[in-house]
Amino acid sequence: MKQTIIAKRVFDGEQFHNDLPITIEDGHILALNSVAGAKEIRVDGTLVPGFIDVQVNGGGGALFNGEPSVECIETIGSAHAKFGTTGFLPTLITDDVDVMSRAADAVAASLIKGSAGVLGVHFEGPHLSIPKKGVHPQSHIRGISDAELEIFSRDDLGLKMVTLAPENVSLDVIKALVAADVRVCLGHSNADYETVVAALEAGATGFTHLFNAMSPFGSREPGMVGAAIESRDAWCGLIVDGHHVHAAAARVAIYAKPRGKVMLVTDAMPPVGLDEETSFELFGTQVIRQGDRLNAVTGELAGCVLDMAGAIRNTVKMLGLPLDEAIRMGSLYPAEYLGLAKRQGQISVGSRADLVLLNDELKVQQTLIGGTSVFKA
């Protein structure tokens, strides 16, 4: 059945429109005008492209590492849909190979089932640097073996992303991962500038949570941060929660990178979507929530209580960026990173009808995935 949604304001990924009709049929945008026979629905607020998050560890009380199952993925997806996320990569942090295999099976099953919003999988580790491990368990950090390569090379996982430390993975392995359609991201790394540049030349295309858990920028040793900001081609994920990165540092990166190469990520943990200040356990370590901050009892930041709508609000309020650019950082730019720009991340004829309705405070009022309402305030 055709339906036409007419919002007071629409941002299509490039510009704002007033009262632009969006006609949807079979989960996709049929036309940007009214069509005969379509049911018209008028809504207040601003309609924007759905948000895409490439780093989602948990939500709704669920942690992917804790329960790598279809049910866990759907719980996480439902929690984040309340905040406008219409596409995401369930993210497994450093763990043993059995858990990695179970996570891969769960993602494959979710894709077959058509679980709302699931695009693929992000393996954040286990091939990381111990000095930059953060809360990743040292006992599971290791070199890459055939077992992990076999998982990463599966062709039933949708879009695949792997975060690794280039000082601990050979250039030949990076090339092999790229040949297996893996998007290689660099992070949790103490690599020097030259090693990072070599990894980029081998095919790495991104950086995981820029500034965090990576060798810093210095005038004589640019480190991973310097290589990331210098690169014209690589994308950088950025956590804008007021805790992980200072606003000035975030602005420097955004201004220095080419437009479109910085995307918002949440690095979200189980408390997202829960009102109470809950703590949870991560590999035997208690993680404590204090407001919008998560810390392990050992002191490290331990992911985020951040959602994509909140990240966009913070980008406007904390960083001073215009709303249109903040929305692109949460929708179009991650879609471009994932190779989905013709299908998601914008409101255009032929794209999937992944839409988010925002009120004047940029709070989510409704989320549609494939034209189907999955959340309404």
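**Entry 1: Glycine 120**

I started with a word I needed: a residue is called buried when its relative accessible area is under 20%. I also reminded myself that this is a predicted model.

With that cut-off in hand, I looked up glycine 120. Its relative accessible area is 0%, so glycine 120 counts as buried. I found glycine 120 in strand 10, which covers residues 120-124.

What does glycine 120 touch, once residues up to four places away in sequence are set aside? I listed Phe88, Leu89, Pro90, Val107, Leu111, Leu157, Gly158 and Leu159. I also checked serine 110: 10 residues separate it from glycine 120 in sequence, and their C-alpha atoms are 9.1 Å apart in space.

**Entry 2: Lysine 257**

Next I went to lysine 257, which sits in the loop between helix 7 (247-256) and strand 15 (262-264). I noted that lysine 257 is buried and yet has no salt bridge. Which side chain of opposite charge is nearest to lysine 257? I found aspartate 233, at 8.2 Å.

I then looked at the polar end of the story. A polar atom of the lysine 257 side chain lies 2.8 Å from the backbone oxygen of alanine 228. Leaving out neighbours within four places in sequence, I wrote down the contacts of lysine 257: Ala228, Ile229, Ser231, Arg232, Ala234, Cys236 and Val262. Alanine 228 therefore turns up in both of my notes, since contact here means heavy atoms within 4.5 Å.

**Entry 3: Helix 8**

I moved on to helix 8, residues 308-317. At its start, I saw a side-chain oxygen of aspartate 307 reach to within 3.2 Å of the backbone nitrogen of alanine 309.

Why do I call helix 8 largely enclosed by the rest of the structure? Because 8 of its 10 residues are buried.

**Entry 4: Helix 8 meets helix 9**

Helix 9 spans residues 323-330, and its axis comes within 9 Å of the axis of helix 8. How do the two helices cross? I noted a right-handed crossing, at roughly 145°.

From helix 8, the residues that meet helix 9 are Met308, Ile312, Thr315 and Val316. On the helix 9 side, I found Leu323, Ala326, Ile327, Met329 and Gly330.

Glu325 and Arg328 are among them.

Definitions and conventions
Residues are numbered from 1 along each chain as its sequence is written. This is a predicted model: local features need pLDDT of at least 70, side-chain atom pairs count only at pLDDT 80 or more; totals for chains, interfaces and linings use all residues. Side-chain values use heavy atoms; hydrogens and water are left out. Helices (H or I, at least four residues) and strands (E, at least two) are DSSP runs, numbered from the N terminus. Buried means under 20% relative accessible area, exposed over 50%, partly exposed in between (1.4 Å probe, protein chains only). Lys and Arg count as positive and Asp and Glu as negative; His and the chain ends are not counted. A salt bridge is a side-chain nitrogen of Lys or Arg within 4 Å of a carboxyl oxygen of Asp or Glu. A polar contact is a pair of N or O atoms within 3.5 Å; within protein, one must be able to donate a hydrogen and the other to accept it, and residues adjacent in sequence count only if both atoms are side-chain atoms. Axes are lines fitted to C-alpha atoms, for helices over the stretch in contact, and angles run from 0 to 180 degrees between N-to-C directions. A crossing is left-handed if the near helix is turned anticlockwise from the far one by less than a right angle, and right-handed if clockwise.
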